[in-house]
Amino acid sequence: MAKRNDWVRIHRNVLEPEERTGKLPEDTKKVPLEMWVKGRLQEEQAEIGDEVTVKTCVGRIEHGRLIEVNPCYELNYGVFVPELLTMEESLRSALFGGDEA
Amino acid sequence: MIVDRSYQAVTGRKGEIIHQAMGVDYSQYERGGILFDYEALMNGPGYTLEDHIRIQRQYNVGNTPIFELHNLTALARKCAAPGKGARIFVKDEASNPAGSFKERRAAASVYHAKKMGYKGVIAATSGNYGAAVASQAAMQGLKCIIVQECYDSKASGQPEIIEKARKCEALGAEVLQLSVGPELFYEVLMMLEDTGYFNASLYSAFGVGGVETLGWELGHQFMERCGRHPDVVVCANAGGGNLTGTARGLRKAGCGAQVVAASVDLKGLSMASDKQFNRKSFTTAHTGFGVPYATDPDHSDVPRSAARPLRYMDRYVTVKQGEVFYITEALAVLEGMEKGPAGNTSLAAAFSLAQELDQDQIIVAQETEYTGAGKHIQPQLSFARQNGIELLFGDPQTEIPGTNIVFPAEPALLRARDADLNHMRASLIRRQAAHAAAPLTDAEIAYLAEETKSSPEFVRMVLEKLGG
């Protein structure tokens, strides 16, 4: 549950598939144009999935479905890519050669 | 007053909204027919090169160092014919406050917005420009909104773009994220209308004029360090502002270096496709932007773009994704610099082009960019593999964008390939001629020759083929 002034993330469809226009590939035409934004919850309380309003950090009011409270970044360096090691070894070998590699 | 916010109504108000959001009446630069006065556009806001330098110094932008890459030069010489292999340098643009050369493009926009009394700035960008605008807005005390194209319909986000969102938020900006589609511009127009903020377009005179300082610095730094100007300057090319501004700055420094555009080859991938969005590992500096913006510069978010790369381009080369990743790894393990990868597009091309030049010549990749979780080479390749892209060693020439990434099996296989510049010039000429109501005048033909760095004879030849 989120309460007023909690930092939350919301989601909303800006354009439904039938509202999309312009020169779009077929796959893109079939899906909505979606939007995500973060802000402080304006309702007294809300549950995940509720339609809510938020005030963004510049003071704009946006509305959408509540999807996350205290949204975090889940960035990382992915799983190990062994090809990078192969590149490193071949680069050293190409420049320094033989035993120096 | 009830405002119609339908797609048709909002995009129909585009001219009016952009005028309000930039304070510039672009019609003043039109000169009848297809003609417009490009230099008047560049000088219109009243910021000279000296003004850009002053503003950038005030807000901690630019004056970045140049580094000679001795080991990469040595490696290029091992791949080259005897006596060949120019000295390779990079300009360390990652040392700008937000980590890329884009801050040069943001500084005057934010400065001007503040001077004109706007309360905030908006930029539509999934790349380093967002962080640059956010950083300058923070420094100069304006509010900032960045609008990104970030996710596919499964809500899977490109890790590099998510990192950019994190950085923009860390610098105090609001980040509005959208799924794939060119209607991003509709959302931006609504936000400009709602907030009354300034449109910090990459294609304004500020957005391009600000990069002139980079070319100008290059000219002076090489005179000071090497006693001569560089022979070749390689610029990553997407929207064209980087190359345009750099080339203009080089000219103003009296430097006659050959200006080469470099883009990552993403041929065959649609930039607006939901399914293909996450099958590419480069979100900028690729041919999907580079070619259409070069041949049709005025399809940007302003009526007349200040980025007109064909006016300045001597050569256009492409490199493969696998080659940029490879040079990124080389920059780390042979030069001790962990940067990019997207910002190393020009370096990948420079490594190859150096092998065509003599050893006493100088080639410069004119940027680096910061790296970090999400945008680093490791998460980008990990994400590619997760999306079904095959990672191979071999001849990068065989790489198929969206299917595989082919790293050079040996350094000599990293080869920049020439794009057909005359074909692009002809494409621009045909496109603009199609807008002419009557046969082109001599003035219009001279204008098209300037637009394409060609000659009136070349323009006439293209037009004759068109008529025939």
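**View 1. B:His112 lies within helix α6 (residues 102–115) of chain B.** Helices here are DSSP runs of H or I with at least four residues, numbered from the N terminus. The model is predicted, so local features need pLDDT of at least 70 and side-chain atom pairs count only at pLDDT 80 or more, while totals for chains, interfaces and linings use all residues. Residues are numbered from 1 along each chain as its sequence is written, chains are lettered from A and ligands numbered from 1 in the order in which they are written, and side-chain values use heavy atoms, with hydrogens and water left out. B:His112 counts as buried because its relative accessibility is 8%, where buried means under 20% relative accessible area, exposed over 50% and partly exposed in between, with a 1.4 Å probe and protein chains only. Leaving aside residues up to four places away in sequence, B:His112 touches B:Tyr47, B:Phe198 and B:Phe206, a contact being heavy atoms within 4.5 Å.

**View 2. Helix α11 of chain B spans residues 212–226.** With 15 residues, α11(B) reaches 21 Å from its first C-alpha to its last, close to the 21 Å expected at 1.5 Å a residue. The buried residues of α11(B) include B:Glu212, B:Leu214, B:Leu218 and B:Phe222, and just after this helix B:Gly227 takes a positive phi of about 75°.

**View 3. Helix α17 (residues 421–433) packs with helix α19 (residues 456–467), both of chain B.** The angle between them is about 65° and their axes are 10 Å apart, the axes being lines fitted to C-alpha atoms over the stretch in contact, with angles from 0 to 180 degrees between N-to-C directions. α17(B) and α19(B) are therefore roughly perpendicular to each other; angles under 35 degrees count as roughly parallel, over 145 as roughly antiparallel, 65 to 115 as roughly perpendicular and the rest as oblique. Among the residues that meet are B:Arg425, B:Ile429 and B:Arg430 in α17(B), and B:Phe458, B:Val462 and B:Leu466 in α19(B). The residues of this contact divide into eight nonpolar, one polar and two charged, where Ala, Val, Leu, Ile, Met, Phe, Trp, Tyr, Cys and Pro count as nonpolar, Asp, Glu, Lys and Arg as charged, and the others, Gly among them, as polar.

**View 4. Helix α14 (residues 321–335) packs with helix α16 (residues 377–386), both of chain B.** Their axes lie 11 Å apart at an angle of about 150°, and α14(B) and α16(B) are therefore roughly antiparallel to each other. B:Phe325, B:Thr328 and B:Glu329 in α14(B) meet B:Ile377, B:Gln380 and B:Leu381 in α16(B). By class, this contact has three nonpolar, two polar and one charged residues.

How values were computed:
Helices (H or I, at least four residues) and strands (E, at least two) are DSSP runs, numbered from the N terminus. The expected span of a helix is 1.5 Å times one less than its number of residues.
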